[in-house]
Amino acid sequence: MGGLAAGKDDIVKLLARVTVSKDGQLLLAQVGERYFLLGNTPAGITKLAEFTPEEAQAWKSNEDPSGGGQPPSFGEALRKVWKQKVKR
């Protein structure tokens, strides 16, 4: 995915995009050290959740907890982190 750049460092990175309906998408964006789950519809963009860098490791990690060597899919990682957020 792309990013907006200022100088050498990326300021905004779009890490993932998932289409959930004809006109709706979930976006995972990184802004500096902050991570956001955004909903994108024709009506606008809505912040659905914010994740810490530690929580972001669930989808950035190259290690599979099952030992299979494959990183979790974005959907799997999102479900895991969402469950952690809901417990709080």
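Seven bridges join strand E3 to strand E4, and the two run antiparallel. Before I go on, please keep in mind that this is a predicted model.

One example of the pairing is Gln25, whose bridge partner in E4 is Asn40.

Now to one residue, Gln30. Gln30 belongs to E3, which covers residues 25–31. Is Gln30 buried or exposed? Its relative accessible area is 9%, and the cut-off for buried is under 20%, so Gln30 counts as buried.

What does the side chain of Gln30 contact? There is a polar contact, at 3.3 Å, with the side chain of Tyr35. Gln30 can also be placed relative to Ile11, which is 19 residues away along the chain. The C-alpha atoms of these two residues are 8.0 Å apart.

Tyr35 brings me to the core. Tyr35 is one of the 12 residues of the largest nonpolar core. Other members include Leu28, Leu37, Phe51 and Phe74. Which elements give two or more residues to this core? They are strand E4, residues 34–41, strand E5, residues 44–51, helix H1, residues 53–60, and helix H2, residues 74–87. H2 supplies the largest share, with four residues.

To recap, Gln30 is buried, and its side chain makes a polar contact with that of Tyr35, a member of the largest nonpolar core.

Notes. Residues numbered from 1 in each chain as written. Predicted model: local features only at pLDDT ≥ 70, side-chain atom pairs only at ≥ 80, totals over all residues. Heavy atoms only, no water. Buried < 20%, exposed > 50% of the residue type's maximum accessible area, 1.4 Å probe, protein only. Polar contact = N/O pair within 3.5 Å; in protein donor to acceptor, adjacent residues only side chain to side chain. Core = buried A, V, L, I, M, F, W, Y, C linked by side-chain atoms within 4.5 Å. Pairing = 2+ DSSP bridges.
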